[in-house]
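Let's take a friendly walk through a protein model. Have the sequence and the 3D view ready as you read.

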Amino acid sequence: VEKTMVDETAYREFLENIAGFFVVEQTVMRTTSSLVSPLQLDQDWRVGTSQLRTVLQEQLCYCTSTQVLSRVKEHLYLFTQTMLGFGYDTASLVDFLEHLASRFSEVLLDEFQFEMMKVFATENWSRLVLRNAKEVAEEIVANQLLPDAMPNQPLPFTLMTTRFFDILRKQIAEFFRFSQRLTDMESLIAQTVDKAIALLCKQVLSAAEDFMTCGRVDPALCSTKLVINLHHMRNTGSVFSRVIAEHSDVGWAPTIDSKHQLESTRVLCEKFTLAMTERRVDTVFATSSPPPAAWDVITISDQTHLFMSELQEFLRNMHEQLLAYTSATSTLHHDVFATAFHRIAERMTDMLFSEGNKRISYMGVHAFGADLQAVEQLCNTYAACVPGLSRDNPVRWFAELRQLVSLLTSTTTLEEFLVPSVREDKYNLIVSKTRLIGLLLRVKGDGLAPKKDRKHRHNSLYAVIKKLQSEEKTAK
């Protein structure tokens, strides 16, 4: 063979030439007395079949089409049957058909991976809606995804799930067509399915990583949909065991244990979701919230900033998505909201104590208090409907900020702060005197208030700062 055989015609002609040679040699041996001996013909056949196996093994490495492999298998099978009919020993070639089946499995997996890559590339991660009962029966019920699914109702998972089942079902059918005239292929097909599931899990994790870097608006929401898809695909192994049994002549159902792979991948995707929830909150604060110095522009104390509406939308979308996710082994719904509120508390604290703000106005603190109140309302809203969140009492994560706002917006409160018993009762969570001193030094009087109130407030601030500085000096 001087060149790569790229199509089934080249393989057919190659095998026809070999068959023709040995048929002619056998005819010569039978019709002459000395040109070809049986021993020589037998040795030539053994050498020839060995070289044939080597050539085919090398050439098949370049074959990347299951259709070509299927035709090559047919040609090789007919070749072995033809040569067997002429009395040649074809046992080694029959064994080679098993190698050909293994190569078919490899190429099939490559095609599966390519098809799934196209699915991920075009997936918009919106909930799937099927339009008629036939689609629901074939794509949902038959795959044990959602037994009570109805047409024209949004399903909890996306197109990724049904396309996976559709692609793999077709490939199993193709493998069985390839394996006609071969025996005991069920185990190899089951192994191929198992590897396909492993490839899917790898692609899912790759997609989750891409969400963190590709700039999607809500990467946490997309990652959550990966989790939900995997949750509904948990019966994949039993579904395809049944599919193989339906195609098998002997009705044998191999065991395909995919739950561990899918479960492990789902857990990793949940971790991605939590990490991306934190990142989403960070992004909202980084791009939508003005620094405290800019709070002066707000003259109505109960008006919230833009970042609040973005947070509300993000949490609402996550809640709606996670309502469709019920798993006895997962607390993702709770964990997402606990993570989000923890991160919001951290970012609002950073915002208030930011050293980049040289001065903070009285009205600015009022505006911060309006933002804080809106967040506290969100905490109470979702604590009432997110499983397990009420036990955390997420409002408490903002309790220190609430005490700080109370301290900074009331002149009487500032004076009361100098009384140790009052401080212990009302401001017990304000434990860092150094940070508080730095904050108070940046708070300025409100230009909208009467001069006498500004002067009184200034005196109260000064007294509190001196008291705290004295306590700090004594502690050292």
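## The largest pocket

The lining of the largest pocket is made up of five nonpolar, six polar and four charged residues. Here Ala, Val, Leu, Ile, Met, Phe, Trp, Tyr, Cys and Pro count as nonpolar, Asp, Glu, Lys and Arg as charged, and the others, Gly among them, as polar. The pocket has a volume of about 290 Å³. Of its 15 lining residues, L182, T183, D184, E186 and D249 are the closest to its centre.

A pocket is an open set of points on a 1 Å grid over the protein atoms alone, where a 1.4 Å probe fits, with protein on both sides within 12 Å along at least five of seven lines; lining residues have an atom within 4 Å of a point. The volume is the space filled by probe spheres set on the points, which are joined across faces, edges and corners.

## About the model

This is a predicted model: local features need pLDDT of at least 70, side-chain atom pairs count only at pLDDT 80 or more, and totals for chains, interfaces and linings use all residues. Residues are numbered from 1 along each chain as its sequence is written, and side-chain values use heavy atoms, leaving out hydrogens and water.

## Helices α3 and α4

Now find helix α3 (residues 66-85) and helix α4 (residues 91-122), whose axes come within 10 Å and cross at roughly 175°. The two are therefore roughly antiparallel (an angle over 145 degrees). Their contact (heavy atoms within 4.5 Å) has 12 nonpolar, three polar and three charged residues. Helices are DSSP runs (H or I, at least four residues), numbered from the N terminus. Axes are lines fitted to C-alpha atoms over the stretch in contact, and angles run from 0 to 180 degrees between N-to-C directions.

Methods
Angles under 35 degrees count as roughly parallel, over 145 as roughly antiparallel, 65 to 115 as roughly perpendicular and the rest as oblique.
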